[in-house]
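Thanks for coming, everyone. Let me put the structure up, and then we will walk through it piece by piece.

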Amino acid sequence: MIIGIPKEIKKHEYRVALTPAGAEVLVELGHSVLVEHNAGLASNFSDEAYSQSGAKILHSSEEIYAAAQMIVKVKEPLPQEYPLIRKDQILFTFFHFAANPELTQAMCKSNCISIAYETVQLENGTLPILTPMSEIAGRMSVQIGAHYLQKEEGGRGILLGGVPGVSPATILIIGAGSVGAQAALIASGLNARTFILDINLERLRYLNDILPSNVTTLMSNPQNIQSVARNADLLINSTLIPGARTPKLITRELLRSMKANSVIVDVAIDQGGGLETSRPTDHDNPTYVEENIIHYCVTNIPGAVPITSTIALTNATLPYIEKLASLGWEKATQSCPDLAKGLNILRGSIVHPALKNFSFK
Ligand SMILES: NC(=O)c1ccc[n+]([C@@H]2O[C@H](COP(=O)([O-])OP(=O)(O)OC[C@H]3O[C@@H](n4cnc5c(N)ncnc54)[C@H](O)[C@@H]3O)[C@@H](O)[C@H]2O)c1
């Protein structure tokens, strides 16, 4: 199969969808890999490294989209890419359709095969491609929160870990999946008083066993959210219902009850965000203030650490790219149930159950 790797064009997106090591594996299997000029540069991978792996460098995304049977990307296609996508072309990338009706319509119109990284799902419910990016975003969410809590950034001016004789900050993490668990790990390591909430009691039981004693697990319900949020200096939202829009758990009224100049990092913004007041931001202008609370809602947090993220992403995607390239999407999704769950839009029809049931109105 001919596999195309375009350069990412989303603002401050420095990741690339395949490492040279990944390209070499695909070339050895007999596939052709086309990589756009300088696509890997920000992740520290030169055109030369891709050429040495057997990939061919093309100079424009137009050439990549025109030649490739499968496009492998990092982030969703942007409007300037929509016209380049061809009928029956496989697109394998993060889409987050539920947050983006315009993208959903464009992919339906193009009659392509949209397979979304974020809904590829193992039998045990875990999301093997989203997970490494979530681990990165989870770890970063605490360092981002710490930064914006500094006074000169408009924050409360509190040190997460406190010092001997002075109380540490309180961190509330809603959603104890991949993002939440990694956030809790870093938060507890920094000595913050950490609360992590989820609706999955088994998950809370597991985290209670493995995380240090400065992490308290709590069932997620409106009362618990309200009582911890009132005292929180940093709130991290990391809930997910796969394929669906993020549940809106944090109302404007709840924000009014929080301490002024505290910080919310809404990691789940890529699926719509969990606050009544959330709206997507980018790395150029990552924050805004509503109800005296700093909101950080960047949709591609791992894009800021591409050297780590690109390798972590290829580690997770490569086995699936191999299957799609060697078997074609039909046989690959028939033989691999986790990949079948990634099918979102098929030649103009929405096929993913969560997206099908979702109303954009
Ligand atoms: N902004 C970014 O750059 C970025 C990067 C990576 C991941 N994400 C997003 O972060 C979100 C979380 O990803 P993840 O990999 O941790 O997902 P996950 O599936 O591992 O975890 C989600 C958790 O949310 C819990 N949950 C669902 N409803 C809840 C509720 N009402 N209250 C409390 N918990 C609830 C689930 O039980 C689950 O444990 C996703 O939307 C993902 O797309 C964003």
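**Starting from Ile5**

Ile5 touches Val16, Ala17, Leu18, Val33, Leu34, Val35, Glu36, Ala39, Ile64 and Val72, leaving out residues up to four places away in sequence. Contact here means heavy atoms within 4.5 Å.

A word on the source. This is a predicted model, where local features need pLDDT of at least 70 and side-chain atom pairs count only at pLDDT 80 or more, while totals for chains, interfaces and linings use all residues. Residues are numbered from 1 along each chain as its sequence is written, and side-chain values use heavy atoms, with hydrogens and water left out.

Now the cores. A nonpolar core is a set of buried Ala, Val, Leu, Ile, Met, Phe, Trp, Tyr and Cys residues joined through side-chain atoms within 4.5 Å. Buried means under 20% relative accessible area, exposed over 50%, and partly exposed in between, with a 1.4 Å probe and protein chains only. The largest core has 72 residues. Ile5 is among those with the most contacts inside it, along with Phe92, Ile115, Ile171, Ile236 and Leu339. Helix H10, residues 306–335, gives the largest share of this core, 9 residues. Helices are DSSP runs of H or I with at least four residues, strands are runs of E with at least two, and both are numbered from the N terminus. The core draws at least three residues from each of domain 1 and domain 2. Apart from it lies another core, of 21 residues, including Ile64, Ala68, Leu91 and Cys108.

Next, the domains. Domain 1 covers 2–120 + 306–356, and domain 2 covers 134–304. Those bounds come from an automatic or database domain assignment. The domain centres, taken over C-alpha atoms, are separated by 30 Å. Across the boundary, 19 residues of domain 1 are in contact with 16 residues of domain 2.

Back to H10, and its helix partners. Which way does H5 run against H10, parallel or antiparallel? The axes of H5 (residues 130–148) and H10 come within 8 Å and cross at roughly 155°. H5 and H10 are therefore roughly antiparallel. Axes are lines fitted to C-alpha atoms, for helices over the stretch in contact, and angles run from 0 to 180 degrees between N-to-C directions. Under 35 degrees counts as roughly parallel, over 145 as roughly antiparallel, 65 to 115 as roughly perpendicular, and the rest as oblique. Pro132, Met133 and Ile136 of H5 meet Thr308, Ser309, Ala312, Leu313 and Ala316 of H10.

Then H1, residues 20–28. Its axis comes within 10 Å of the H10 axis, crossing at roughly 15°. That makes H1 roughly parallel to H10. From H1 come Gly22, Val25 and Leu26; from H10 come Thr314, Leu318, Ile321 and Glu322.

Lys73 sits in the loop between strand S4 (70–72) and strand S5 (90–93). Is Lys73 buried or exposed? Lys73 is buried, with a relative accessible area of 1%. Beyond four places in sequence, Lys73 is in contact with Pro6, Glu8, Ala17, Tyr65, Glu81, Phe92, Thr93 and Tyr117.

Val298 lies in the loop between strand S13 (293–296) and H10. Val298 is buried too, at 2% relative accessibility. Ile269 is 29 residues away along the chain, yet the two C-alpha atoms are separated by 7.2 Å.

Last, His147 in helix H5. At 32% relative accessibility, His147 counts as partly exposed.
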